[in-house]
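Me: I am new to this structure. Please take me through it in short questions and answers.

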Amino acid sequence: MYGYNILAILVAAASAFMLGGLWYSSVLFGNAWNRESGMDKKAAGHPGRVFGVSFVFALIAAIGFAYLIGPAPELKYALKQGAIVGLCFVATSFGINYQFANRSNLMWAIDSGYHTLQFVLYGLVLGLWH
């Protein structure tokens, strides 16, 4: 990816990964998400695998988003694209799946909110650091 700041992409992925840790903690929405999903925290699987795979997915998303907005995006453009991707692609895709899976609107709002902020955060990091 010639011209792209690989360090900025790694920081974007790490920042969204940290946002997820806070977002899904008991400080914010973790208790509500666990209640709505009917899942016990211990049922998620081995933490090393869960966190490792999650970071790889965050990195893939950050690389794809960087490719979408280009190697040197203006901050306003990067933030706007992050909001569009988060709201119009991710949140709506979750919305479709959650309707068929009969998941709650609260769970959709928690997950969609996180992923919308994830892409806005990618836009912030990549728009500021190019």
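Me: What covers the buried residues of helix 2?
Reply: This is a predicted model, in which local features need pLDDT of at least 70, side-chain atom pairs count only at pLDDT 80 or more, and totals for chains, interfaces and linings use all residues. Residues are numbered from 1 along each chain as its sequence is written, and side-chain values use heavy atoms, with hydrogens and water left out. Helices (H or I, at least four residues) and strands (E, at least two) are DSSP runs, numbered from the N terminus. The cover over the buried residues of helix 2 includes helix 1 and helix 5.

Me: Which residues of helix 2 are buried?
Reply: Buried means under 20% relative accessible area, exposed over 50%, and partly exposed in between (1.4 Å probe, protein chains only). Helix 2 spans residues 30–37. Its buried residues are G30, A32, W33 and N34.

Me: Why does the radius of gyration agree with a compact globule?
Reply: The radius is taken over C-alpha atoms, and the globule rule is 2.2 Å times the number of residues to the power 0.38. The C-alpha trace spans about 45 × 30 × 25 Å along its principal axes. With 130 residues, the rule gives a radius near 14 Å, which agrees with the protein's 15 Å.

Me: What percentage of the contacts with a separation of 6 or more comes from residues 24 or more positions apart?
Reply: Contact means heavy atoms within 4.5 Å. Residues 24 or more positions apart account for this share of the contacts with a separation of 6 or more: 76%.

Me: Which helices do the buried residues of helix 3 pack against?
Reply: Helix 3 covers residues 47–69 and has 23 residues. It reaches 32 Å from its first C-alpha to its last, close to the expected 33 Å; that expected span is 1.5 Å times one less than the number of residues. Its buried residues are A58, A62, F65, A66 and I69. They pack against helix 1 (6–23), helix 4 (75–100) and helix 5 (105–128).

Me: Which residues does Q81 touch, not counting those up to four places away in sequence?
Reply: Q81 sits in helix 4. It is buried, because its relative accessible area is 15%. Beyond the residues up to four places away, Q81 touches F65 and I69.

Me: Is S15 buried or exposed?
Reply: S15 lies in helix 1. Leaving aside neighbours within four places in sequence, S15 is in contact with L121 and V125. Its relative accessibility is 14%, so S15 counts as buried.

Me: How far apart are the C-alpha atoms of G113 and G86?
Reply: G113 is found in helix 5. Leaving aside neighbours within four places in sequence, G113 is in contact with W23 and W108. G86 is 27 residues from G113 along the chain. Their C-alpha atoms are separated by 8.2 Å.

Me: Which helix supplies the largest share of the nonpolar patch?
Reply: A patch is made of residues with over 30% relative accessible area and no salt bridge; like charges are joined within 9 Å, nonpolar side chains (Val, Leu, Ile, Met, Phe, Trp, Tyr) within 5 Å. This one is about 610 Å², made by I6, L7, L10, V11, L124, L128 and W129; accessible areas come from the Shrake-Rupley method with a 1.4 Å probe, and for residues only the protein chains shown count as cover. Helix 1 and helix 5 each supply at least two residues. The largest share, four residues, comes from helix 1.

Me: Which side chains meet in a salt bridge?
Reply: A salt bridge is a side-chain nitrogen of Lys or Arg within 4 Å of a carboxyl oxygen of Asp or Glu. By this rule the count is one. The N to O distance is 3.9 Å. The pair is E36 and R35.
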